Amino acid sequence: MAGSCEALGADMRFKQKEKGRKLKTWLITLLCLMVIVPVAWVCFIKFEGEKPVIELSPLPAVVPAKFDITGKVHDARSGLKKFQIALCRDGKETVLLDKVYDGPPGWLKKGRVIDDVFKIPVSSAKNQFLDGKATLRFIVRDYSWRDWWNGNKTVIEKEIVFDTKAPQLTILSSQHNVSQGGSGLVIYRLSEPCVKSGVMVGNDFFPGYVGHFSDKNIYLAFFAVPIGHTNEKRFYATAVDAAGNSTKSSFYYHLKKKTFRKDVLKLSDSFLNTKLLEFQDIPGFPSEKPVVDQFMFINSEVRKKNNQIILGNGKKTDPQIYWEGAFGRMPNAAPRAGFADYRDYEHNGAIISHAVHMGIDLASTQHVEIPAANNGKIVFADYVGIYGNLVCIDHGYGLMSIYGHLNQITVKPGDMVAKNDVIGYSGTTGMAGGDHLHFGMFIDHIFVNPIEWWDASWIANNITGKIKEVQTSFNK
Ligand SMILES: [Zn+2]
């Protein structure tokens, strides 16, 4: 009996011990969980490693005397803590911004500011920054506990070049005698390469081109004087450098006023009925309306769009002068209409439309060969509404000639042509009553009077003479 009692006691002691061990394991596990979970949580949340983000608005590589640095900073997880912008130059640092953001309201919560925008004005005069290279440094930190409670850090560096001086523009050409509807040339020298330079005629800008002279600072700018231009709107040359510094230089000029012809064109029903058929497929053509309305649509809206297409070729110009000597006039041709003729269109005794004729109409016999007026490159050869089949030749530096109403075109864009090369045959395509050539010239985006370019002495006095003068006096 005694043996069995002893065995029972030992069993009970073993069970108690077992229970105590289980409790201990459970308590340890609980304790562990109570410690590990918060620690893990703190590590995950408070020691997060996501870096703040700087979004810098584009800055030009070359900056002027005054400019703004703008952008955004962002930190989604811990919130923004510090943001510093400094300009470093020759080992010297100038702090442009030093901002500290509000901290977390409780030690477990994240910073108050997630997003911020910045706009920092920089003035080289105020900060005594000299022209030349410098580095902009952006440092942003967040409220993470990483890096010994300093937070995650993002650093951006951006190289800039200060250019605080406006370019100098010196006019080299003299005596600019121009006419309403005419052409002109200004030759100037720039003190530094510029992103844009040329001549302003009122609100019209004509770019200058480099490369004609061995001196790479000398530019040629051909310009047009619009037919209605008056002296109230001044002419001047202008240049803008990469940093945005700009300069203006006035030049002496004399503007001759011109009177242009007035003309009345009578429209017969048979002309309208035949001609308007050609335009039926033009978008917006009012086919359900009377022929008079259809003509008005073609003569105003379509004319405007056609002119835009033609003048848009001005931007395709090459930076070299292709032409030489006086421009050729269609041989054995009688003039039918002049440059800048103001036309009233009459139908059944009533004036129904107006237009200004920005070229010269020349007629000889039917389907006659049309020669190129001067050397150049074909930049356009296609059908253009009222002008019919049209060829546009680039003579370089923005000077172009056009040939309209052609029956047939024999050249294609990219072809080089010499003066008198045949480019097509005359015809009546477009708004043409009889077989004739519509010859026009323009500079950059404005039609000019071709009569000047047909005249060898005008060219010598106003263009080539000036180029020679600059060549002798300044291109050294
Ligand atoms: Zn014409």
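**Overall form, domains and sheets of the predicted model**

Gln 175 is partly exposed, because 13 other C-beta atoms lie within 10 Å; on this scale a residue is buried with 20 or more other C-beta atoms within 10 Å of its own, exposed with 12 or fewer, and partly exposed in between, the C-beta atoms being placed from the backbone. The structure is a predicted model, in which local features need pLDDT of at least 70 and side-chain atom pairs count only at pLDDT 80 or more, while totals for chains, interfaces and linings use all residues. Residues are numbered from 1 along each chain as its sequence is written.

Gln 175 lies in the loop between strand S9 (169-171) and strand S10 (176-179). The phi angle of Gln 175 is positive, near 50 degrees, in a residue other than glycine. A positive phi, of about 55 degrees, also occurs at Tyr 397, which is not a glycine. Tyr 397 is placed in the loop between strand S26 (389-394) and strand S27 (399-406). Tyr 397 counts as buried because 25 other C-beta atoms are found within 10 Å.

Along the principal axes, the C-alpha atoms fill a box of roughly 150 × 60 × 40 Å. Of the 476 residues, 33% count as buried. Among contacts with a separation of 6 or more, 67% are between residues 24 or more positions apart, a contact being a pair of residues whose C-beta atoms, placed from the backbone, lie within 7 Å.

The protein is divided into domain 1 (53-162), domain 2 (169-257 + 463-473) and domain 3 (262-444), with bounds that come from an automatic or database domain assignment. The C-alpha centres of domain 1 and domain 2 are 44 Å apart. Four residues of domain 1 are in contact with four residues of domain 2. On the side of domain 1 that touches domain 2, the residues comprise four nonpolar, no polar and no charged; Ala, Val, Leu, Ile, Met, Phe, Trp, Tyr, Cys and Pro count as nonpolar, Asp, Glu, Lys and Arg as charged, and the others, Gly among them, as polar.

The protein contains seven helices and 32 strands; these are DSSP runs numbered from the N terminus, with helices (H or I) of at least four residues and strands (E) of at least two. Three strands form an open antiparallel sheet in the order S1-S3-S6, where strands pair if DSSP finds at least two bridges between them. S1 and S6 are the edge strands, each pairing on one side only. Strand S1 (residues 53-56) is joined to strand S3 (residues 66-74) over four bridges, and Glu 55 has Lys 72 of S3 as its bridge partner. Nine bridges link S3 to strand S6 (residues 115-123), with Ser 123 of S6 as the bridge partner of Lys 66.

A second open sheet has three strands in the order S24-S30-S28, again with antiparallel pairing. Strand S24 (369-371) and strand S28 (408-409) form its edges, each pairing on one side only. S28 and strand S30 (residues 422-425) run antiparallel and are joined by two bridges, and the bridge partner of Gln 408 in S30 is Tyr 425.

Conventions: Two residues are in contact if their C-beta atoms, placed from the backbone, lie within 7 Å.
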